[in-house]
Amino acid sequence: MTLHPTIENVTARIRARSADHRGAYLARLRRAADEGPARAHLSCGNQAHAYAASGADKDSLAGHRAPNLGIVTAYNDMLSAHQPFERFPDLIRQAARAAGGTAQVAGGVPAMCDGVTQGQAGMELSLFSRDVIALAAGVALSHNTFDGALYLGVCDKIVPGLVIAAATFGHLPGIFVPAGPMTSGLPNDEKAKVRQKFAAGEIGRDELMAAEMASYHGPGTCTFYGTANSNQMLMEFMGLHLPGASFVNPGTPLRDALTVAAVERALAITALGNSYTPVGEVLDERAFVNGIVGLMATGGSTNLVIHLPAMARAAGIVLEIEDFAELSASTPLMAKVYPNGLADVNHFHAAGGLGYMIGELLEAGLLHPDTRTVAGEGLARYAEEPGLRDGRLIWESGPRHSANDRILRPVANPFQPSGGLRALEGNLGRAIVKTSAIAADRHVIEAPARVFEDQDAVRAAFKAGAFTSDVVVVVRFQGPAANGMPELHALLPLLAVLQDRGLRVALVTDGRMSGASGKVPSALHVSPEAAAGGMLARLRDGDILRLDAEAGRLDVLTEGVAERAPAPFDPVANAHGNGRELFELFRRNVGLASDGAGVVV
């Protein structure tokens with residue numbers, strides 16, 4: 001199938017824009033690769049320290065006879081998505097020995113959960129944790145004793161941080177190994193209804209707690225299509241997972257077989273073999289375009305509009321917001337997974353999942369078919385799906401028809417002709433809006449502003465009954481330089497209640513929203529942010545704002561706003577407590593949200 005002209009043109013523009021950065025990056029990668037396996041250059045003392053606790057693997061390690069894999073793990077047993085990784089290192093070591101190699105846990109990285117910190121002070125560390133993860137993974141790999149790496153991570157900032165590290169050590173082959181989603185519990189739409197009833201004061205905390213526990217009930221990723229599951233999609237579309245690995249439940253024979261296969265493949269693609277596949281060569285401009293197409297076709301998380309530019313920069317590639325906008329305009333929305341629909345990711349996987357989508361998009365010319373992946377040359381392998389036959393892992397052609405067209409549709413008959421995210425631009429700055437869950441009659445909202453400087457003030461106004469007419473709620477000083485750019489997902493139940501009362505409601509903020517962004521129109525990541533003198537700092541209650549997702553505009557219509565002095569920003573207000581004082585250096589040095597809000601990249 002001929003490549004779609006938008007895919008071709010956007011890719012060419014990214015390639016040209018990135019030429020100098022990418023050229024310098026690849027030159028560094030090739031110099032590192034030309035030096036050969038790093039262990040051979042370490043002193044005997046260096047190596048003795050590295051192998052001292054390796055037991056039966058010592059001779060193989062010291063003799064350099066077999067490839068050695070470094071395991072970088074986000075395991076902790078508090079978070080359901082990462083708890084399954086507890087048993088992965090033993091499984092990986094056994095599989096490596098059986099395949100003639102070795103594996104060591106190189107190090108751990110932090111993994112915080114936005115579900116735990118949502119609406120709390122800890123959320124102000126969330127975005128910055130991505131860069132901490134990249135740094136921690138860099139420390140793990142700096143021992144320079146590895147021929148390849150396995151990256152164990154799932155959730156919001158963890159996968160992007162690990163990708164930044166993997167790209168930085170781009171001469172090393174690496175495979176991302178997922179844990180899988182938890183089994184389905186209380187349906188996500190029912191959970192959302194309970195949250196709205198609690199916000200409206202119709203039920204008590206006991207009922208709310210029971211619903212939440214029934215929804216988040218076991219090991220694995222949360223089942224809604226938020227940032228964590230968008231990350232898993234991304235790793236398949238970009239060729240960093242094994243095909244079909246993303247949405248297999250934890251603790252199942254197929255999950256274990258895929259983990260073993262990842263070990264075997266990682267050993268096969270080191271420089272010691274004949275299929276050397278460095279991560280830096282997988283992560284080219286075609287892979288990033290494929291990832292963005294996957295994001296749009298699935299109606300994925302708005303957070304990835306921040307993370308993808310940061311990941312790309314680590315590989316010498318420069319992404320701009322117009323790349324997302326143009327790819328979205330040409331990519332059909334093929335999936336309806338909560339919060340965009342009623343299904344969860346298990347239902348999506350059963351309906352045909354990523355294998356079906358990739359096959360459809362390849363056939364339509366909407367994906368680059370000739371990318372390099374950890375599974376080999378070309379993306380066609382990712383239209384296959386794994387299974388067990390007589391205990392043996394095999395891949396077969398994936399489904400060519402959706403098993404449920406209320407969840408998953410073909411390119412020729414999508415839920416909507418364009419993707420689930422839109423770029424906005426206007427006199428308020430640049431922003432994005434997730435449209436895939438918003439009713440068409442709410443794609444344009446024009447109303448007076450109510451301006452707040454934190455989400456607690458919005459909650460207080462809601463409880464006081466202050467919202468009685470159409471409103472655009474502005475929450476400013478929530479950008480990365482102000483307070484770390486926390487997610488404001490805790491506001492959604494309140495705004496949804498107002499919308500259900502018949503009001504026309506929108507949110508405008510320089511903060512972020514959860515990957516579970518729902519049915520309320522929300523202009524997010526407004527840049528420049530208020531703390532940097534952006535127009536949000538000049539708004540006042542009553543200013544008329546217009547969010548137009550159809551035209552891609554975000555404007556204040558009131559005259560004279562630009563001539564006002566900006567509201568003062570108090571950097572002390574969020575400087576202390578819950579570890580926030582440790583991140584002052586990050587707040588001072590972070591980049592623009594539109595560039596990925598990076599500190600280390």
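## Around asparagine 483

Leaving out residues up to four places away in sequence, asparagine 483 touches Glu124, Phe477, Gln478, Asn574 and Arg587 (contact means heavy atoms within 4.5 Å). This is a predicted model, where local features need pLDDT of at least 70, side-chain atom pairs count only at pLDDT 80 or more, and totals for chains, interfaces and linings use all residues. Numbering runs from 1 along each chain as its sequence is written, and side-chain values use heavy atoms, with hydrogens and water left out.

Asparagine 483 sits in helix H19, residues 480–483 (helices are DSSP runs of H or I, at least four residues, numbered from the N terminus). With 3% relative accessibility, asparagine 483 is buried (under 20% relative accessible area; exposed is over 50%, partly exposed in between, 1.4 Å probe, protein chains only). Its side chain reaches the backbone nitrogen of methionine 485 at 3.4 Å.

## Nonpolar cores

The largest nonpolar core has 140 residues, and Phe288 and Leu308 have the most contacts inside it (a core is a set of buried Ala, Val, Leu, Ile, Met, Phe, Trp, Tyr and Cys residues joined through side-chain atoms within 4.5 Å). A second, separate core of 29 residues includes Leu424, Val433, Ile445 and Val474.

Back to leucine 308: among the residues it touches, not counting those up to four places away in sequence, are Leu234, Met238, Phe288 and Phe324.

## Valine 600

Valine 600 lies in the segment after helix H21 (584–589). Valine 600 is partly exposed, at 37% relative accessible area.

How values were computed:
Helix = DSSP H or I, 4+ residues; strand = E, 2+ residues; numbered from the N terminus. Polar contact = N/O pair within 3.5 Å; in protein donor to acceptor, adjacent residues only side chain to side chain.
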